[in-house]
Amino acid sequence: MSIVVTGATGQLGRLVVDALLAAAPAEQVVAVVRDKEKAADLAERGVELRIADYDRPETLAGAFAAGDRVLLISGSEVGRRAAQHAAVIDAAKAAGVARLAYTGVLGGDDADFELAAEHKETERLILASGLPYTLLRNGWYSENYTANLAPVLAHGAVVSNAGEGRIASASRADYAAAAAAVLTGPAEEHLNRVYELSGDTAWSFAEYAAEVAARSGREVTYTPVSAEAHLEILTGAGLPRPFAEILVDVDRAAEHGALALRTGDLTRLIGRPTTPVGVSIQEALDAS
């Protein structure tokens, strides 16, 4: 049996591989990647590389083998992901993998924002395939916010159309640890299970701004705006309109409480509290 991670050179994928190597022998870990050179460091650590591309289904035929435990990390190309994921699911089924885990989105069918649509479709395809599965419905990454502190510090403001909505975020490393726990744990424990994964604490944007201010020593305040105003701000800053619309839609979901769900699933899987957003803020400040 091999443990196979797709998208293994991505931000989440690399962290999953790191977590797997801490829990399993390197010869059991397989990285499915598009670019062999980008994965050279993984090969040096003893990880087997299988070259495949979500957009070229014929290359996926050799990506999986019977008995593999596979983690399908969702693609990053919004609007193309459902077809890409379908190709992976078909290849996994044809190979006879033992289980397919998928990194979906918090709330599943109840998620009421556009970014969730392709995740919902992927989950439908997985269930229709008849493959043994584990659905890892990831909440928001703290890094979605902390990776963009430069303009926050430059303008002294956190801007959002989320109102007083709250977000139960966790670090990418937390979600990676959960995936590794599922992939290396007893099969019967996680077979055909759905996990709603999120941070232990849900924070508001006002609290987030206060935390950035406290840790940076700079004056930072929260500026709530309308969805329309936020869209104008984002596009005015140079963001492509489709991407800006996604961010505004996510904030709208946060305002409605869709990103505040806390089930404790993530903490139970990783066996420790999730990383507070303040720690992620400090890590981003230290790295800048």
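Predicted model: local features only at pLDDT ≥ 70, side-chain atom pairs only at ≥ 80, totals over all residues.
1. Start with α4, which covers residues 117-129. With 13 residues at 1.5 Å a residue, this helix should span 18 Å, and its end C-alpha atoms sit 19 Å apart, which agrees.

2. Which residues of α4 are buried? They are Glu118, His119, Thr122, Glu123, Ile126 and Ser129. Looking down the axis of α4, you'll find its buried residues within an arc of 140°, so they line one face of the helix. What do they pack against? The partners are the strands β4 (69-72), β5 (99-105) and β6 (133-138), plus the helix α3 (81-95).

3. Just past the end of α4 comes Gly130, with a positive phi of about 80°.

4. Asn192 also deserves a look: its phi is positive, about 55°, although this residue is not a glycine. You'll find Asn192 in the loop that runs between α8 (187-190) and β9 (193-197). Its relative accessibility is 39%; buried would need under 20% and exposed over 50%, so Asn192 counts as partly exposed.

5. On to the second largest pocket, with a volume of about 170 Å³. Its lining has 13 residues, and those nearest the centre are Thr201, Trp203, Pro276, Val277 and Gly278.

6. Which helix gives the largest share of that pocket's lining? That's α9, with three residues. Both α9 (205-216) and α13 (277-287) supply at least two residues each. By type, the lining of the second largest pocket splits into five nonpolar, five polar and three charged residues.

Technical notes:
Residues numbered from 1 in each chain as written. Heavy atoms only, no water. Helix = DSSP H or I, 4+ residues; strand = E, 2+ residues; numbered from the N terminus. Expected span 1.5 Å × (residues − 1). Buried < 20%, exposed > 50% of the residue type's maximum accessible area, 1.4 Å probe, protein only. Arc of directions from axis to C-beta. Contact = heavy atoms within 4.5 Å. 1 Å grid on protein atoms, 1.4 Å probe; cavity = no way out; pocket = protein on both sides within 12 Å on 5 of 7 lines; lining within 4 Å. Points joined across faces, edges and corners; volume = space filled by probe spheres on them. Nonpolar A, V, L, I, M, F, W, Y, C, P; charged D, E, K, R; others polar.
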